[in-house]
Amino acid sequence: MSLTKAERTVILSMWDKISTQADAIGTQALERLFASYPQTKTYFPHFDLHPGSAHLRMHGAKVVAALGEAVKSIDNIGGALAKLSELHAYILRVDPVNFKLLSHCLLVTVASHFPADFTADAHTAWDKFLSIVSAVLTEKYR
Amino acid sequence: MVHFSAEEKAAITGLWGKVHVEEAGGEALGRLLVVYPWTQRFFDNFGNLSSASAIMGNPKVKAHGKKVLTSFGDAIKNMDNLKGAFAKLSELHCDKLHVDPENFRLLGNVLVIILASHFGKEFTPEVQAAWQKLVAGVATALAHKYH
């Protein structure tokens, strides 16, 4: 599965808008993840996960920044996220099912912030993009 | 069995009252067919599904989407007994329609995304969580009679 030219264009153009609210979007996606899928909190016993906490804001910003790196190197997401891939495989070892859950919550967040831009085609492009990112992050698991 | 708190029920029914079932149903089914094209396998007789705009404008997609979402409305009236409410539909989806239950989960999540785009800020993490519980409950209920 790879992105078509049209899909890359959609993602790049939407990213300009998204990056202006990057931190808020990252934070909100995580809030949604923990609210809808409480089992995901098990990966963060060391965090204060109350909505609006500094931990959440910091981590949300981190997640979206990483997505930004992937968007910047959209033709070589594997290369851009190689270090993160190793981190997730050897240190974090987040079960692969959780990438789908976070991807879904990112889509929900983007849809709620940018409804006019989030057309069916854009929805497809973002869903594919996040699937590719998830695959890259889990490709060294075994 | 899924149990919904008073707050969760309120979050769900509160939003549902403002949903245009016909429009939202068509949008949900349309997006399912666009974003996950393999789901088109169930709709060979729907005519032109060749592009996103063809799908979203397709009258059969809109009609069927309305049917599906209207049925969802029945779920909301029977949140305390989803399995009972969907028993007959479950048998239908297994025995006649041969639909993999994974498709119910996909459609449920697409519906959540559409609600997010329609309601924006109002679709808070807590409201979303209630809806995720509902769509998961409906998916499970629809799969319950599979054999």
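1. Ground rules. Residues count from 1 along each chain as its sequence is written, and chains are lettered from A and ligands numbered from 1 in the order in which they are written. As this is a predicted model, local features need pLDDT of at least 70 and side-chain atom pairs pLDDT 80 or more, while totals for chains, interfaces and linings use all residues; side-chain values use heavy atoms, with hydrogens and water left out.

2. H1 against H3 in chain A. Helix H1 (residues 5–19) and helix H3 (residues 54–72) of chain A have axes that come within 11 Å and cross at roughly 140°. Helices here are DSSP runs (H or I, at least four residues), numbered from the N terminus; axes are lines fitted to C-alpha atoms over the stretch in contact, with angles from 0 to 180 degrees between N-to-C directions. H1(A) and H3(A) are therefore oblique to each other (under 35 degrees is roughly parallel, over 145 roughly antiparallel, 65 to 115 roughly perpendicular, the rest oblique). On the H1(A) side you'll find A:Ile11, A:Leu12 and A:Trp15, meeting A:Val64, A:Leu67, A:Gly68 and A:Val71 of H3(A); contact means heavy atoms within 4.5 Å. That contact has six nonpolar residues, one polar and no charged. The classes are Ala, Val, Leu, Ile, Met, Phe, Trp, Tyr, Cys and Pro as nonpolar, Asp, Glu, Lys and Arg as charged, and the others, Gly among them, as polar.

3. H1 against H7 in chain A. H1(A) also packs on H7(A), at an angle of about 90° with the axes 9 Å apart. That makes the two helices, H1(A) and H7(A), roughly perpendicular. A:Glu7, A:Val10, A:Ile11, A:Met14, A:Trp15 and A:Ile18 of H1(A) face A:Ala122, A:Thr124, A:Ala125, A:Trp126, A:Lys128 and A:Phe129 of H7(A) in this contact. Nine of these residues are nonpolar, one is polar and two are charged.

4. H1 against H8 in chain B. Helix H1 (residues 6–16) of chain B and H8(B) have axes within 9 Å, crossing at roughly 90°, and H1(B) and H8(B) are therefore roughly perpendicular to each other. H1(B) brings B:Glu8, B:Ala11, B:Ile12, B:Leu15 and B:Trp16, and H8(B) brings B:Val127, B:Ala130, B:Trp131, B:Lys133 and B:Leu134. The tally is eight nonpolar, no polar and two charged.

5. The cavity. On a 1 Å grid over the protein atoms alone, a cavity is a set of points where a 1.4 Å probe fits but cannot get out, a pocket is an open set with protein on both sides within 12 Å along at least five of seven lines, and lining residues have an atom within 4 Å of a point. Points are joined across faces, edges and corners, and a volume is the space filled by probe spheres set on them. The lining includes A:Trp15, A:Val64, A:Leu106 and A:Trp126. H1, H3, H6 and H7 of chain A each give two or more residues, and the largest share, three residues, is from H6(A). By class the lining has 10 nonpolar, no polar and no charged residues.

6. The largest pocket. Its volume is about 880 Å³. The lining has 32 residues, with A:Lys100, B:Tyr36, B:Glu102, B:Leu106 and B:Asn109 nearest the centre. H6(A) supplies the largest share, seven residues. The lining splits into 19 nonpolar, eight polar and five charged.
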